[in-house]
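Open the model in your viewer and keep the sequence panel beside it. The tour below goes from one selection to the next.

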Amino acid sequence: MKLANYICGEWKQGDGDGQALVDPVTGEQVATVSSHGIDVRRALDYARRQGTSALQQLTYSQRADLLGKVAEVLSANRAEYFEISKKNLGATEADASFDVDGAIYTLKVYAKLGKPLEGKLIKEGATIPLSKTGVFQAQHFLNPLSGVAVFINAFNFPAWGLWEKAAPALLSGMAILVKPATPTAWLTQRMVEDVVKAGILPQGAISILCGSARDLLDHLTEDDVISFTGSAQTAQTIRTNPNVVSRSVRTNIEADSLNAAILGPDAPGTPPFDLLVKEVVREMTLKAGQKCTAIRRIIAPRQTAAALAEAISAKLATVRVGNPKNAEVKCGPLVNKAQQKSALEGLSHLAREAKVVFGGDPNFQPIDADRATSCFVQPTLLLCEKPLQSHAVNEVEVFGPVTTILPYDSTEEAIELARRGSGSLVASVFSDDSSFKHQVTLGIASAHGRILVADSAVGSNHTGHGNVIPTCLHGGPGRAGGGEELAGLRALHLYHRRFVVQAGPDVIAEISKQAVDASAL
Ligand code: NAP
């Protein structure tokens, strides 16, 4: 099966044999993709002229209705998406739900948030008087960009990765073109196919390019937006593309991150300790740790580190790892051999500075799978005694079920260690100590996009360290890419450009008639 590209309102096969997508449990090929022979410049042109123009004839509210309909189509085909997730990602039910249901939920949230916005642009702030008599004034507005929103996505979230970006872009009135990561393009492609078939969106509002990005970046203009998720290395290639630089193409980057869970001075057996243990094991095993937000470092008081290692190891020992077709399995494989190799290499870097306290066997036997052809990595816990003098544990992101305990001797050290990630998407703080919670949250705030604080009062009501909530910010500074996504209607900023009108009150009043107030953004 060769997955077709959808551009210029048509399905088109790429040339040649294409690149293979595999089942990471059996190693069998499940599909191929090719973008060769596809006229990317024409695809972008068509999306701008047809898709964006048509979308911008509608109000935000009307576009919100479209999002609601897209969510309905995806919900109707949910079972099919779970099957594809199983075949192409080795996903368990929980893994598939995280991605697919997360996508549908995000669309529904944006459909709801956008519904009250009866307008075509956004009015920002109050009118500014520029003359003593008020005859000359200024007003800021946000106008949707007139180009196309290009999404270059990572392999780990083929469903959510598309729709968490598409929801605010389409709501803003921008046509979208998605280039999914090659290894898992199948699910993204099937979702696009279902939405196209349903005829919900105007012609040109959605396009998909499967396979290599080729010359995609070279044809973007100042009217377009790039929203990228993936490795820091590819992010750098995108940022420095000569066309992107010379045309100042707006770029949002979500890259890798060494997220931390931080335990306060809370003894073993206390609710914060137990909450952290549960969360670490969930983060290590859900999607086999292939989440940009997963806990990579556990920062814990030195006197508690051994007990913590024991408690996490005991829970990990109960997790069945293997073929997700087996109902007992709770942790599946990595997505392909390349990711398995990269994770094992990363693990060996960590093991030079930290001792393995659980797992770490490169030859372990997964359930109902052939060790040689499948792509599993055994969930592995490490402990690094001298984390402030170590490098790899604070620098190497092992994109798999691997995490390291980093002991600290003071609150200042805990803060310093969290900041050693050089900018992260998320950190979570588990403690009942008020001063610790306060000091750590503010101490790490400038280095993190999101901070989750869980204590006995919050208990199991917290939304999860790794869960990205559509109404809350997703993105982090520095190494995490410096991007911002979601956070409710704030996400619309990426797809709008601010302008100010300096004029008489009549001109400003006339423009304002089409605008909605920005107080929600
Ligand atoms: P990747 O290798 O950087 O690839 C990401 C995307 O970039 C893919 O679609 C890839 O296409 C494309 N790409 C590669 N080279 C390109 C180029 N020269 N020009 C344009 N596009 C290019 O990352 P990945 O392995 O898919 O994903 C894993 C990484 O993503 C991890 O480091 C993880 O931390 C990060 N991640 C971050 C977030 C977040 O929200 N911050 C979320 C998920 C993952 P091909 O597949 O065709 O090469």
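**Stop 1: around the ligand**

Select β11 (225-229) and α7 (232-239): each of these two elements supplies at least two residues of the shell around the ligand. Keep in mind that this is a predicted model.

How many residues surround the ligand? There are 28, and the closest are N153, T182, S231, T234 and E397. Colour this shell by class to see 13 nonpolar, 11 polar and 4 charged residues.

**Stop 2: side chains at the ligand's oxygen atoms**

- S231: an N or O atom of the side chain is 2.6 Å from an oxygen atom of the ligand.
- E397: an N or O atom of the side chain lies 2.7 Å from a ligand oxygen.
- K179: here the distance between a ligand oxygen and an N or O atom of the side chain is 3.1 Å.

The ligand taken alone exposes 920 Å², and the protein buries 81% of that. Which pocket holds the ligand? The ligand sits in the largest pocket.

**Stop 3**

In general, the strands of a sheet pair through backbone hydrogen bonds, and the pairing is either parallel or antiparallel. Zoom in on β1 and β5 (residues 29-33). Do these two strands run parallel or antiparallel? They run parallel, and 2 bridges join them. To finish, select K2 and look across to β5, where T32 stands opposite K2.

Definitions and conventions
Residues numbered from 1 in each chain as written. Predicted model: local features only at pLDDT ≥ 70, side-chain atom pairs only at ≥ 80, totals over all residues. Heavy atoms only, no water. Near = heavy atom within 4 Å. Polar contact = N/O pair within 3.5 Å; in protein donor to acceptor, adjacent residues only side chain to side chain. Areas by Shrake-Rupley, 256 points an atom, 1.4 Å probe, with all protein chains shown as cover. 1 Å grid on protein atoms, 1.4 Å probe; cavity = no way out; pocket = protein on both sides within 12 Å on 5 of 7 lines; lining within 4 Å. Sits in = over half its atoms within 2 Å of the grid points. Helix = DSSP H or I, 4+ residues; strand = E, 2+ residues; numbered from the N terminus. Nonpolar A, V, L, I, M, F, W, Y, C, P; charged D, E, K, R; others polar. Pairing = 2+ DSSP bridges.
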